[in-house]
Amino acid sequence: MDTFFRINYEFDKRSVLAAIDNRLKEKGADYICVADGVILNTANRYDDYLKVINGGMFSICDSSFVPLYIRLLYGDHYDQYCGSQVFKDVVVSRKYRMIFMGTQQNVLDALQSNLSTLNPDVRDMKFVELPFRDVEDFDYPSIARMIEKDGADIIWIALGAPKQEIFMSKLKPHLHHGVMIAVGAAFKFYSGIGEKRAPRWMVKHHLEFVHRLFMEPRKQVSRCSWIIRTLPGILWEEYQRKNNGEIAAVCDNETRSLSDAG
């Protein structure tokens with residue numbers, strides 16, 4: 001796990017899947033965030049939300065631009081591991097009992113049907129529509145009891161950011177087992193209803209945001225405008241952290257050299 005732009009990221013696919021396995025062997029519950037550009041932007045504007053993002057196991061990198069920013073600033077190579085891919089990887093593994101929560105029932109029904117072709121076990125799993133209400137108003141103890149009665153290991157949450165991340169942080173204290181993962185639009189991608197993911201060539205060339213602009217112009221224009229306004233400041237702050245870290249490392253090496261010489 002590495003921290004960039006104040007967010008604790010895990011980029012490596014094998015490490016993500018191993019961490020899920022290991023956490024399920026321990027007592028208690030936890031959660032994983034799927035950090036795209038919107039979450040990066042929001043977490044760097046609101047410290048309370050940043051605490052939520054970093055309050056789980058880690059975030060996977062759902063943005064194709066974050067690895068580019070890291071390469072520009074640090075020269076290091078990292079790969080994107082998007083939410084829709086981790087969703088598919090976990091589902092097809094057939095290792096866990098899962099529960100799918102959020103969005104509308106018609107989307108959930110179509111999702112169950114489509115996922116059953118990837119993992120037949122899904123036919124016997126719960127797909128639960130959550131009521132439309134403020135994140136503060138959910139009955140978290142009741143939801144936790146329902147999940148634990150089901151025996152789910154993986155709890156998929158699709159309520160949209162920032163609501164889904166706050167939802168997980170509030171549900172976590174009430175659960176005794178399980179890993180929650182917020183997957184945003186993945187339910188729609190795999191249900192075949194509504195929003196579809198961009199073609200692979202657009203993803204490869206960092207143009208997925210263009211696809212989303214055409215799919216949901218009103219929603220995405222607002223999000224992109226915030227990112228454009230705040231991104232220069234976020235990059236500048238990370239550049240300063242990088243330089244301060246390098247200066248601290250040089251000073252530490254010099255102190256050790258003086259100590260060794262003495």
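Helix 7 and helix 8 are roughly perpendicular to each other, a term used for angles of 65 to 115 degrees. Their axes come within 10 Å and cross at roughly 80°; axes here are lines fitted to C-alpha atoms, for helices over the stretch in contact, with angles running from 0 to 180 degrees between N-to-C directions. Across this crossing, Y140, I143, A144 and I147 of helix 7 meet F167, K170 and L171 of helix 8, where contact means heavy atoms within 4.5 Å.

The model is a predicted one, in which local features need pLDDT of at least 70 and side-chain atom pairs count only at pLDDT 80 or more, while totals for chains, interfaces and linings use all residues. Residues are numbered from 1 along each chain as its sequence is written, and side-chain values use heavy atoms, with hydrogens and water left out.

**Overall architecture**

The secondary structure of the chain comes to 12 helices and eight strands, taken as DSSP runs (H or I of at least four residues for helices, E of at least two for strands) and numbered from the N terminus. Of the 262 residues, 45% count as buried, which is to say under 20% relative accessible area, with exposed meaning over 50% and partly exposed in between (1.4 Å probe, protein chains only). Among the contacts with a separation of 6 or more, 73% are between residues 24 or more positions apart.

**Nonpolar cores**

The largest nonpolar core has 43 residues, of which F5, Y9, V66, M101, I147, F167 and L171 touch the most other members; such a core is a set of buried Ala, Val, Leu, Ile, Met, Phe, Trp, Tyr and Cys residues joined through side-chain atoms within 4.5 Å. Leaving aside neighbours within four places in sequence, Y9 is in contact with M1, D2, F4, A35, L40, S59, I60, C61 and V66. Another core, of 32 residues, lies apart from the largest one and includes I32, V34, F58 and L115.

N8 lies in strand 2, residues 7-9, and counts as buried because its relative accessibility is 18%. The side chain of N8 is joined to that of T3 by a polar contact of 2.6 Å, that is, a pair of N or O atoms within 3.5 Å, of which, within protein, one must be able to donate a hydrogen and the other to accept it, residues adjacent in sequence counting only if both atoms are side-chain atoms. Beyond four places in sequence, N8 is in contact with M1, D2, T3, N54, F58 and S59.

W156 belongs to strand 7, residues 154-158, and is buried, with a relative accessible area of 0%. Although W156 and F100 are 56 residues apart in sequence, their C-alpha atoms are 4.9 Å apart. Not counting residues up to four places away, W156 touches V86, F87, V90, V91, M98, I99, F100, M101, I181, V183 and F187. Helix 5 (residues 83-93) has as its buried residues G83, S84, V86, F87, D89, V90 and V91, and just after this helix R94 takes a positive phi of about 60°.

**Salt bridges**

The structure holds 10 salt bridges, each a side-chain nitrogen of Lys or Arg within 4 Å of a carboxyl oxygen of Asp or Glu.

| Pair | Closest N to O |
|---|---|
| R6 and D47 | 3.0 Å |
| E136 and K170 | 3.4 Å |

R241 and E238, in contrast, both lie in helix 12 (residues 217-261), three residues apart, about one turn of the helix. An α-helix has 3.6 residues a turn, so residues three or four places apart point the same way.

R6 counts as partly exposed at 26%, and D47 counts as partly exposed at 45%. E136 is exposed, with a relative accessibility of 55%, whereas K170 is partly exposed at 28%. R241 is partly exposed at 34%, but E238 is buried, with a relative accessible area of 2%. Finally, R23, E26, D30 and K172 are linked in a network of salt bridges.

Notes: Parallel < 35°, antiparallel > 145°, perpendicular 65-115°, else oblique.
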